[in-house]
Amino acid sequence: MEFSLPVIIDWTIAFLLGSCIVGIIRIIIGPTTADRLTALNLVGSQVIALLVVTAFRAGSPVYLDVAMVYSVFGFLGVLAITRYLSKRSNSK
Amino acid sequence: MSWAAVVFFILGVFFALTGHLGLLKAPDVYTRLQTSSTCSTTSVLSILVACMLLSGISPFTGKVAAITIFFIITNPVATHIIARYAWEEGIVPWRRQQ
């Protein structure tokens with residue numbers, strides 16, 4: 001088994017895809033909503049890393065714009081979901 | 001420069017592995033939040049730094065640096081928002097049974 005750079009990049013992409021599956025398992029079986037939000041945040045950050053590594057491997061910077069927009073909307077999504085579901089904002 | 005990038009890739013994979021182990025095996029919302037947040041921040045940071053080391057000085061590096069700065073700011077803030085939501089929901093932190 002050789003440890004050249006493209007092999008390492010391919011194994012990193014495969015590992016990130018497998019770890020997204022682990023996060024999706026926690027999203028499905030999570031007992032509370034906060035567990036699901038935690039796993040969603042983790043899957044979002046793994047997808048950002050996956051997009052950046054894919055952009056380097058493919059040699060096209062188009063994926064970096066996708067990663068930037070995904071990062072912004074992941075953060076805003078967590079903020080909107082917690083604000084929509086919390087009791088304090090509903091009582092006001 | 002290539003060997004430093006390989007070291008950062010392996011470091012990122014190791015941190016992500018520990019984070020997902022904690023996400024699956026930890027007993028509570030707050031412990032899961034702690035393990036997954038710290039490990040995801042460090043692993044994504046390591047992988048992005050490896051990509052920046054590999055691409056040298058180029059516009060690619062600038063875009064990856066912008067993504068890195070935004071990610072460093074927003075991921076702990078999102079974790080804090082989730083923790084505050086769990087606390088306001090009334091979830092009691094887990095304690096070891098005596």
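In this predicted model, select H3(A) and H3(B) to begin: these two helices are roughly parallel to each other, because angles under 35 degrees count as such and their axes cross at roughly 15°. The axes come within 10 Å, and the crossing is left-handed.

Next, display the side chains along this pair. On H3(A), the residues that meet H3(B) include Leu64(A), Met68(A), Phe75(A) and Leu79(A). On H3(B), the residues that meet H3(A) include Ile67(B), Phe70(B), Phe71(B), Ile81(B) and Tyr85(B). Coloured by class, this contact shows 15 nonpolar, three polar and one charged residues.

Now widen the selection to the whole boundary between the chains. Here 39 residues of chain B are in contact with 35 residues of chain A. Helix H1 (2-25), helix H2 (29-55) and helix H3 (59-89) of chain B each supply at least two residues of the side that touches chain A. The largest share of that side, 18 residues, comes from H3(B). By class, the side of chain B that touches chain A has 26 nonpolar, nine polar and four charged residues.

Finally, centre the view on Ile47(B). Leaving aside its neighbours within four places in sequence, Ile47(B) is in contact with Thr12(A), Ala49(A), Val52(A) and Val53(A), as well as with Phe9(B) and Gly12(B).

How values were computed. Residues are numbered from 1 along each chain as its sequence is written. Chains are lettered from A and ligands numbered from 1 in the order in which they are written. This is a predicted model: local features need pLDDT of at least 70, side-chain atom pairs count only at pLDDT 80 or more; totals for chains, interfaces and linings use all residues. Two residues are in contact if their C-beta atoms, placed from the backbone, lie within 7 Å. Helices (H or I, at least four residues) and strands (E, at least two) are DSSP runs, numbered from the N terminus. Ala, Val, Leu, Ile, Met, Phe, Trp, Tyr, Cys and Pro count as nonpolar, Asp, Glu, Lys and Arg as charged, and the others, Gly among them, as polar. Axes are lines fitted to C-alpha atoms, for helices over the stretch in contact, and angles run from 0 to 180 degrees between N-to-C directions. Angles under 35 degrees count as roughly parallel, over 145 as roughly antiparallel, 65 to 115 as roughly perpendicular and the rest as oblique. A crossing is left-handed if the near helix is turned anticlockwise from the far one by less than a right angle, and right-handed if clockwise.
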